[in-house]
Amino acid sequence: MDDQSTTLAQLREMIQRFVAERDWGQFHTPKNLAMSLAIEAAEVMEVFQWLTPEESWSLREECPEKEALCDELADVLAYLLAISNQLNIDLASALKRKMAKNEAKYPVEEYRGRYGPRDNRAPR
């Protein structure tokens, strides 16, 4: 299983099956899943907590910290998929809609090479 050959539907099914086999659906309220998603996202930040910006790039290479990061990112994805399963949210459609909003909000000609409105650099 890898990013190139695995669909979101397959990942959602894997999570749904895992949850169903353990009868955890009873605990998977939207509130609980949203809280768990936020907690796992914080654990992603914890991996980077005391690294310099330069050191953070070192996680491209295999190391114990990268393995920890992979585990935390997988937890974030699992909870994201679980909440989308519980609330019948099509993530691909949601992302497509959100990116259309982002494209309108952040036009290329105004934001290329800039991170936001407070970035006083002239557009490129």
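I call a residue buried under 20% relative accessible area, exposed over 50%, and partly exposed in between (1.4 Å probe, protein chains only). By that scale Glu21 is exposed, at a relative accessible area of 57%.

**Ground rules.** I'm looking at a predicted model, where local features need pLDDT of at least 70, side-chain atom pairs count only at pLDDT 80 or more, and totals for chains, interfaces and linings use all residues. Residues are numbered from 1 along each chain as its sequence is written, and side-chain values use heavy atoms, with hydrogens and water left out.

**Overall picture.** I looked up the secondary structure: the protein chain has six helices and zero strands. Helices here are DSSP runs of H or I with at least four residues, strands are E runs of at least two, and both are numbered from the N terminus. Next I checked the overall dimensions. The radius of gyration, taken over C-alpha atoms, is set against a globule rule of 2.2 Å times the number of residues to the power 0.38. The protein chain has 18 Å, while a compact globule of 124 residues would be near 14 Å. Its C-alpha atoms fill a box of roughly 55 × 35 × 30 Å along the principal axes. Buried residues come to 23% of the 124.

**Salt bridges.** Side chains of opposite charge can pair when their charged atoms come close. My cut-off is a side-chain nitrogen of Lys or Arg within 4 Å of a carboxyl oxygen of Asp or Glu. How many salt bridges does this rule give? I get three.

- Glu13 pairs with Arg17, with the closest N and O atoms 3.4 Å apart. Both sit in helix α1 (residues 8-21), four residues apart, about one turn of the helix. Glu13 is partly exposed at 41%, and Arg17 is also partly exposed, at 41%.
- Glu21 pairs with Arg22, and the closest N and O atoms are 3.4 Å apart. I noted Arg22 as partly exposed, with 36%.
- Glu62 pairs with Lys66, the closest N and O atoms being 3.7 Å apart. Glu62 is exposed, at 70%.

**A charged patch.** Which residues form a positive surface patch? I found Arg97, Lys98, Lys101 and Lys105. A patch takes residues with over 30% relative accessible area and no salt bridge, and joins like charges within 9 Å. Lys and Arg count as positive, with the charge placed at NZ of Lys or CZ of Arg. I then looked at Arg97 itself: it lies in helix α5 (residues 91-105). Arg97 counts as exposed because its relative accessible area is 54%.

Conventions:
Patches are made of residues with over 30% relative accessible area and no salt bridge: like charges are joined within 9 Å, nonpolar side chains (Val, Leu, Ile, Met, Phe, Trp, Tyr) within 5 Å. Accessible areas come from the Shrake-Rupley method with a 1.4 Å probe; for residues, only the protein chains shown count as cover.
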